[in-house]
Amino acid sequence: MKSIHALTVAEHRDFEGARLGMWLFLITELILFTGMFLLYAMYRLKYAAAFHKASLELDVVIGTMNTLVLLTSSLTVALSIEALKRNSRKLSLWLLGATIFLALVFLVNKYFEWGAKIHHGIYPGSQELMQRNLGEVIYFNLYYAMTGLHGLHVLVGMGVLTWIFVLIARKSRKKYVVHNPHVEQLVGSEIAIVKGDKEGWRVDKIDDNVEQVEITITYEPKSGEVDLPNIIKLENAGLYWHLVDIIWIFLFPLFYLIS
Amino acid sequence: MSHHSSNEVHPIGYGIFIFVWLGLVVLTGLTVVISGIHIPKLAVLVALLVAATKSSLVVNYFMHIKYEARIFKIILFMGIVTVTVFIGLTFFDVLYR
Amino acid sequence: MASHAITEVQHLEENYLQVKSRWRGIFAWIFSTDHKRIGILYLVSSLTFFVVAATIGIFMRLEQLTMGETLMSADVYNRLFTLHGVIMIFLLIIPGIPATFGNFFLPIQIGAKDVAFPRLNLLSWWLYIIGAVLAVTTLFLPGSLPDTGWTFYVPYSVRTGSNVALAVFAAFILGFSSILTGLNFLTTIHRLRAPGMSWHRMPLFVWALYATAWIQILATPMVGITLLLIIFERVLNIGIFDPTQGGDPILFQHLFWIYSHPAVYIMVLPGFGVVSEIIPTFARRTIFGYKLIAYSSLSIALFGSLVWGHHMFVSGESDIANIIFSFLTFFIAVPTAIKVFNWTATLYKGSIALEPPMLYVLSSIFLFAIGGFTGLMQATLPIDVHVHDTYFVVGHFHYTMFGGTIWVMLAGLLYWFPKMTGRMYNKKMAYLAWPFMFIGFNVLYGAMMYMGWKGMPRRYYDHLPEFHTDHVIATVGSWLLYIGILLLLGNLVVALYKGTRAPDNPWGGATLEWQTTSPPPLENFTEEPVVKHEPYHFRKEDNG
């Protein structure tokens, strides 16, 4: 066997496809929350007065503050993507850092808000709550379930953004490992790595002593080149983060502003 | 592949994002103020309308759906229609029970 | 979407089963991102679950062979029918066709190398297996298997001592797996079609998967949140449906069926797609009404999402809602009938070859038609009040789900088995299994419908003397059916080892999967295909 065996490094990247997949995922998240909004709508129809009464107990100031915090974090993440697209990595990282910080502020606020409610004995199944009328009970149950589920999404979003922060900080590096188990077929032949059409390099002939062929290639963007792989990751994480923001845009008036 | 992947990068501009954010802040203020005024029945509608406006700003600019291919708009549309149908049809039960 | 990070091309003609990777043995399968291997993984696992759940069914029938408690107590019976339902629905019928044949053939039929997100695809299978393992784990935990039926209705599912929370969490994970498959397929169809593969040149199986994927995306999250709320209610005491906390149990049924009714189209639409593949191949002519069949899939997906309330006619749903949902339900019959009429028209003046796949497909259309017509009966309000919660319903959904989906899945298996494995099975055995299955099926579920019409309620472990003869007949039918299934699947297992080598195009099919080798090479085609005509193009010069 004297033939040349080609190991092709072919990378298929389709950023629009990646965004498409992300949007489909966002739609599933939207439907997930729809289930909760549906329940909210039906129970509100049934217990309108009780909902109004119960919502008086929520703190509009904290709610408004949190709304502004999330809106601002949405802005910073959008700006961070824009900065990375213009290859201002540092600015992008600062803005992303700000987003993560604002997410944390939101969660801390939420912690104190829930904490105060629980301190007053208002939590699902508590004696204090169970003595109230049914509409108020279901209002607070929904409040905890919906803001809890939303909070969980904030937490996940924060994690994802942090992960991407690290990726951008480390620059885009990708390691390809070509592992070839068919060594016996390669014996006596030359091996060539072909990238693109004809470019590439060759190594020496492989003899019987070779047991394994493994080639590692590390990809790194040249300086001045836009960091495409990280841009798409950040963009998709940004899309997720905006969705979290939109859910809150609806939760806020429905729970805080109906008194 | 039948579609050419558009892997180029299109910056949009910092200014427009800041502008949109200002709009969102103003709308938030507006909805809080309106909730203080007592308008029975319409209150929910107004609050939801403001929320819908805010989210359409986020979707169009922050999530750059305005600049995306048609299929993205179709996906979003399908999502919104589904939400409406699911909640709408359930009303026929709860409202008339 | 950095999918094929590295593609190692050694021998382009080497098929996907021979390709060696860094993993060996079973790991070369369970860590493979090749859509064909993942398809086989799903196939093997879902068919295994099929045999398990069918065996459970046999035991339930044995209990009904005699009156009174013989084989099992009422409690065990409750848990067994729950397990039978959960396995059949969540582990077989939902992933059955899309995740097995869809994974294997969707990329090939549109001329792609793989799906859009291969690693996500592998994750889907892992989630599927994790879900399955969790569901089985309930057996060994305090509380044991859930006894609620596969529908997990509140308030019973919140109050029962059986292990509902874990089973529900398992179903949640399975839902997630299904969503990811749908997301993957939609992106694949939109982005990875081969040159010339325009929308109206896509095989009808791809159209069916496309419609299915939309339902998976738009409806499945609904059951996700519903099941999550059961966990909230059980574990965290956040009462959402509990009447003592102001909740409304009927809203649970709304949320559950908003997903679970469209889900029956997740189950059956891909089956329709397989029928649309098999019929033109064995009638040797192009499909009649291509566009109508393609778009009827989409309209079934649409109408199927508007009718969930017909599961709640006697649950206390409002009369107006009952009437609206009943009315809308009749509409689904229209696109479904469009399909059946077009299939029939395709057969007309075709040169029909009654090969095993064709035999199973034709009988499946017959069985599904019975299921469909009895479905219309139940969509009619006054009749439903009479037959709800009887064996009539059980018979109906076995005619649709088993007769429609699983029969077609078996037909698809007979059709594509040579392509997937490179081996041909014993055709005589496949013919031999048919009468057992067909007669057994009709005796079993026909008897069920009959006694349901007379008033035999479902989900009881025992029966009154007037139903005894019917139950004995049904049980005998179940034996025949079971023998048929074992003959059919056994034949395929034997063929894996002893089957003759299959040619590339044993049936003379026209779609792209028949233009590559059996089994296909790692990247499906040795060179990227260019599509020049519609999918069902049977011309002499093309078939040699």
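Of the contacts in chain A (heavy atoms within 4.5 Å) between residues at least 6 apart in sequence, 81% join residues at least 24 apart. The model is predicted: local features need pLDDT of at least 70 and side-chain atom pairs count only at pLDDT 80 or more, while totals for chains, interfaces and linings use all residues. Side-chain values use heavy atoms, with hydrogens and water left out.

Chain A has 259 residues, and 58% of them are buried, meaning under 20% relative accessible area with a 1.4 Å probe, protein chains only. Chain A exposes about 10,900 Å², of which carbon and sulfur atoms supply 61%; the area comes from the Shrake-Rupley method with a 1.4 Å probe.

## Secondary structure of chain A

Chain A contains eight helices and five strands. Helices (H or I, at least four residues) and strands (E, at least two) are DSSP runs, numbered from the N terminus. Their order along the sequence is β-α-α-α-α-α-α-β-α-β-β-β-α.

## Helix pair in chain C

In chain C, helix α3 (residues 74-109) packs against helix α8 (residues 249-283) at an angle of about 40 degrees, and their axes are 10 Å apart. Axes are lines fitted to C-alpha atoms, for helices over the stretch in contact, and angles run from 0 to 180 degrees between N-to-C directions. α3(C) is therefore oblique to α8(C), the class left after roughly parallel (under 35 degrees), roughly antiparallel (over 145) and roughly perpendicular (65 to 115).

On the α3(C) side, the residues in contact include C:Ile89, C:Ile93 and C:Pro98. Those they meet in α8(C) include C:Tyr259, C:Met267 and C:Glu277.

Key. Residues numbered from 1 in each chain as written. Chains lettered and ligands numbered in written order. Buried < 20%, exposed > 50% of the residue type's maximum accessible area, 1.4 Å probe, protein only.
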